[in-house]
Amino acid sequence: MDPSLELVASNKSFGGWHKRYRHRSASLNAETVFAIYLPPQAASKPVPVLYWLSGLTCTDENFMQKSGAQRAAAELGIAIVAPDTSPRGADVPGDPDGGWDFGHGAGFYVNATQAPWNRHYRMYDYVVEELPALVEAHFPVSTLRSISGHSMGGHGALVCALRNPGRYRAVSAFSPICHPSDCPWGQKAFSRYLGEDRHKWAEWDASLLVATATERLPLLVDQGEQDGFLTEQLKPQTLEAACAAAGHPLTLRMQPGYDHSYYFIASFIEEHLRHHAGALYPR
């Protein structure tokens, strides 16, 4: 094990192990924490990895503690890796206005180009390149990867998959921010991280990326119909229209009665894990 990886916590779960590690990230220019769930199969062979990206204000702990994903992951033989949602620390700037939807906990999984954010806010590089390289070097996992996430993390999962053909075997999302260029959360983040040139925003917007995607990896999206953010912030119908126009496969499941919470995620996470397992363990 790399001595720069500091074990923060370790808990046995469904025959496997949930562990948290702290390390210094070159991409983020800061210390960060990630969690990994290693299923029992990892004790005897390398297992594939699902990367999970969480939403606004979250950390790696929300999904690992609330989703109940470990039971199905243990059965299916899939590791789960959950990074934090943004860089943190005394040297990392947060929202100058004190808001919760920008800065700490709101990295949006982009590579910031504007000062002062570009010194630390490079979650895309961290998630796509640095973290998998670290995990694959030091844990009993294979190079078979998939990616998923919730809300801001759903946006991140879709963007990472669309921008990196061949890197992931499967992608899914819960309540993703589907068209960040045209919603208040996305406009606030993109204007600060990326500047005012909206052409640059298109590189980080799933509803705009599908038109030029060179891999038609099927997208699985679950969205609660009672989600309070549905109309103003999430806009799944925009993604649906873009996929239809581009011929990109999309399964959009509008779930009656469900909201934006982890109760929603916990209700359908096993179905998502089985979707990923079908691609990570092809027959």
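Colleague: How many salt bridges does the structure hold?
Modeller: There are 16 salt bridges in the structure. Each needs a side-chain nitrogen of Lys or Arg within 4 Å of a carboxyl oxygen of Asp or Glu. The model is predicted: local features need pLDDT of at least 70, side-chain atom pairs count only at pLDDT 80 or more, and totals for chains, interfaces and linings use all residues. Residues are numbered from 1 along each chain as its sequence is written, and side-chain values use heavy atoms, without hydrogens and water.

Colleague: What makes Arg71 and Glu270 a salt bridge?
Modeller: Their closest N and O atoms are 2.5 Å apart. The limit is 4 Å, so the pair qualifies. Arg71 is in helix 2 (residues 69-76) and Glu270 in helix 10 (residues 262-280). The two are 199 residues apart, so the pair links distant parts of the chain. Helices here are DSSP runs of H or I with at least four residues, strands are runs of E with at least two, and both are numbered from the N terminus.

Colleague: Why is Arg71 called partly exposed?
Modeller: Its relative accessibility is 40%. Buried means under 20% relative accessible area, exposed means over 50%, and partly exposed lies in between (1.4 Å probe, protein chains only). Arg71 therefore falls in the middle class. Glu270, at 26%, is partly exposed as well.

Colleague: How do you know which class Asp84 and Arg88 belong to?
Modeller: Asp84 has a relative accessible area of 7%, so it is buried. Arg88 has 28%, so it is partly exposed. Their side chains meet in a salt bridge, 2.6 Å from N to O.

Colleague: What does the pair Arg253 and Glu271 tie together?
Modeller: The closest N and O atoms of this salt bridge are 2.8 Å apart. Arg253 lies in strand 9 (residues 250-255) and Glu271 in helix 10, so parts 18 residues apart in sequence are tied together. Arg253 has a relative accessible area of 24% and Glu271 one of 41%, so each is partly exposed. Elsewhere, salt bridges that share partners join Asp95, Asp97, Asp101, Lys188 and Arg192 into one network.

Colleague: What makes Ser181 and Asp205 a polar contact?
Modeller: Their side chains are joined at 2.8 Å. A polar contact is a pair of N or O atoms within 3.5 Å; within protein, one must be able to donate a hydrogen and the other to accept it, and residues adjacent in sequence count only if both atoms are side-chain atoms.

Colleague: Which residues does Trp201 touch?
Modeller: Ser181, Gln187, Phe190, Ser191, Leu194 and Gly195, leaving aside residues up to four places away in sequence. Contact means heavy atoms within 4.5 Å. Trp201 is in helix 6 (residues 198-201). At 1% relative accessibility, Trp201 is buried.

Colleague: What makes helix 3 a bent helix?
Modeller: Helix 3 (residues 123-138) bends by about 35° at Glu130. That angle lies between axes fitted to the seven residues ending there and the seven starting there. A proline, Pro132, follows within four residues. Both Glu130 and Pro132 are among the buried residues of the helix. The cover over those buried residues includes strand 3 (30-38) and helix 4 (152-163).

Colleague: Which residues touch the most other members of the largest nonpolar core?
Modeller: Phe34, Phe108, Val135, Phe139, Ile147, Tyr193 and Leu239, out of 66 residues. Helix 3 gives the most to this core, with eight residues. A second, separate core has 24 residues, including Met64 and Ile265. A nonpolar core is a set of buried Ala, Val, Leu, Ile, Met, Phe, Trp, Tyr and Cys residues joined through side-chain atoms within 4.5 Å.

Colleague: Why is strand 3 called largely enclosed?
Modeller: Eight of its nine residues are buried, so the rest of the structure largely encloses it.

Colleague: How do you know that strand 3 pairs with strand 2 and strand 5?
Modeller: Pairing takes at least two bridges found by DSSP. Strand 2 and strand 3 have nine and run antiparallel. Strand 3 and strand 5 have four, also antiparallel. Lys19 stands opposite Ile36 in strand 3, and Ala35 has Ala82 in strand 5 as its bridge partner. The hairpin of strand 2 and strand 3 has four residues between the strands, and Asn29 there takes a positive phi near 55°.
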